[in-house]
Amino acid sequence: MRKVTKIAVIPGDGIGVEVISEGVKVLNHIEKLDPDVNFHFEYFPWGCEFYNKTGKMMDENAMDVLKSFDAIYLGAVGFPGVPDHISLWDLLLRIRKGFNQYINVRPIKLLEGVKETLAYVPNDEIDMTVIRENVEGEYFGAGEWLFKGTDKETVLQTGVFTREGTERVIRYAFELAKEQNKTLTSISKGNALNYSMVFWDSVFEEVSKEYPEVRTQSYLIDAAVMYFVTDPKRFEIVVTSNLFGDIVTDLGAGIAGGMGLAAGANINPEKEFPSMFEPIHGSAPDIAGQGTANPLAAVWAASQMLEHLGYEEWALKILSAVESVVQKPELLTPDMGGSGVTGDIGNLIIEYL
Ligand SMILES: NC(=O)c1ccc[n+]([C@@H]2O[C@H](COP(=O)([O-])OP(=O)(O)OC[C@H]3O[C@@H](n4cnc5c(N)ncnc54)[C@H](O)[C@@H]3O)[C@@H](O)[C@H]2O)c1
């Protein structure tokens, strides 16, 4: 009997719904092509519309329900009318933290054929993978709001960097760099953040001793963002904290074809819990419902999901189909210079598969 792979689909809000539908189209097609692949998709209506009806972003028992799946495929959450910190904390961060998806993998690769943002950098010089710490650090959620509404009003936002959390993400990045024979760059800010980032740097230094074969570099975040723009070929594998990773990967998206091409995987490496795969863009209320959203990031995230689930060959085939499709910008969505519509892009990928 063919093994059934259970995928929980949370399309979410805005263009999330439109782009995920193209990704699922591609996955359904793979199922038809390969008798060894059998997906079972179950859809969950969670997100801001659900919040407006129920006062909650997800059902009360959502985490118990999701636990039984092999993977989660997420569109995007957030919509005007629901405060962003609620949509983020009550859905996305709840899943990332609750399922200990402590690794966030974001490929930043300027595919051949995609128009470059940096006119002086050739396409093959932008090809890196950012490993972002995904459950603690600056986004731990600890802090205080003191003397609210008084002239002494004071807020504390506490970054939390545990030995376990810091070491495991750094080690993961070293393993990846070793496996792929690439350099590893740590991005931090030890000069100003005199506890958290001094600690980060010392753990990086410590773990590096176990990997003498991996060439390393360390940059302060301010220098790193400059080099992302002026000399991105310096970066191959990058490891950084939750906040810095959030920021540099959007910058990475900007230099590698835009938000419509940027995918991210939230991984629980021990496979104790399902991992989650998503385009990194938001729900884009400004273009929602117009059929102009670029679904290639969602398709790329589907490729990351298949890689994680052990279907490496199909993961590579999807990526190579994306690489072929971007050679034809006129057929793509307006953000890539074309006049295509979202609902046709999945079919284009399928043609190349
Ligand atoms: N992972 C997530 O679910 C996630 C991530 C970021 C933002 N958000 C939420 O999304 C909402 C909108 O946030 P925002 O406007 O800052 O970011 P956004 O990523 O939704 O949009 C930023 C810009 O990029 C464009 N864009 C984004 N994805 C695109 C695509 N696939 N194709 C073509 N153009 C695309 C949008 O039209 C917009 O101009 C907010 O509520 C925010 O909290 C959610």
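Student: What joins β11 to β12?

Tutor: There are 4 bridges between β11 and β12, and the two strands run antiparallel. Two strands pair if DSSP finds at least two bridges between them, so 4 bridges make β11 and β12 a pair. One example is Ala263, which stands opposite Pro279 in β12. Before we go on, note that this is a predicted model, in which local features need pLDDT of at least 70, side-chain atom pairs count only at pLDDT 80 or more, and totals for chains, interfaces and linings use all residues. Residues are numbered from 1 along each chain as its sequence is written.

Student: How do you know how many helices and strands there are in the chain?

Tutor: They are DSSP runs, numbered from the N terminus: helices are H or I of at least four residues, and strands are E of at least two. By that rule the chain has 11 helices and 12 strands.

Student: What share of the chain's contacts joins residues at least 24 apart?

Tutor: Contact here means C-beta atoms, placed from the backbone, within 7 Å of each other. Among contacts between residues at least 6 apart in sequence, 76% join residues at least 24 apart.

Student: In what order do the strands of the open sheet come?

Tutor: The sheet has 10 strands, ordered β2-β1-β3-β12-β11-β4-β5-β10-β8-β9, with mixed pairing. β2 (39-43) and β9 (216-220) each have a single partner strand and stand at the edges, so one side of each has no neighbour in the sheet. On average, neighbouring strands are turned by 20 degrees against each other, direction ignored. In general, strands of a sheet pair through backbone hydrogen bonds, either parallel or antiparallel.

Student: Which strand does β8 join by parallel bridges?

Tutor: β8 (residues 184-188) is joined to β9 by 5 bridges, and the two run parallel. Ser188, for instance, stands opposite Leu220 in β9. Helix α6 (residues 196-208) packs on the sheet there, touching β8 and β9, and makes about 165 degrees with the direction of β8. Helix α7 (residues 221-230) lies across β8 and β9, at about 105 degrees to β9. For such angles, axes are lines fitted to C-alpha atoms, for helices over the stretch in contact, and values run from 0 to 180 degrees between N-to-C directions.

Student: What makes β11 largely enclosed by the rest of the structure?

Tutor: A residue is buried if 20 or more other C-beta atoms lie within 10 Å of its own, exposed if 12 or fewer, and partly exposed in between, with C-beta atoms placed from the backbone. In β11, 5 of the 5 residues are buried, so the strand is largely enclosed. Both of its faces are covered: Ala263, Ala265 and Ile267 are buried on one side, Gly264 and Asn266 on the other. β11 is also joined to β4 (residues 103-109) by 3 antiparallel bridges, where Val105 has Ala265 as its bridge partner. Over the chain, 44% of the 353 residues count as buried.

Student: Why is Phe147 called exposed?

Tutor: Phe147 has 11 C-beta neighbours inside 10 Å, so it falls within the limit of 12 or fewer. Phe147 is in the loop between β6 (137-146) and β7 (154-160), and has a positive phi of about 50 degrees although it is not a glycine. Most residues other than glycine have a negative phi.

Student: And why does Arg168 count as partly exposed?

Tutor: Arg168, found in helix α5 (residues 163-180), has 17 C-beta neighbours inside 10 Å, so it lies between the two cut-offs.

Student: Which residues are closest to the ligand?

Tutor: They are Gly78, Gly260, His281, Gly282 and Asn294, among 23 residues that surround the ligand. A residue is near a molecule if its C-beta atom, placed from the backbone, lies within 6 Å of it. The largest share of this shell, 3 residues, comes from α4.

Technical notes
Two residues are in contact if their C-beta atoms, placed from the backbone, lie within 7 Å.
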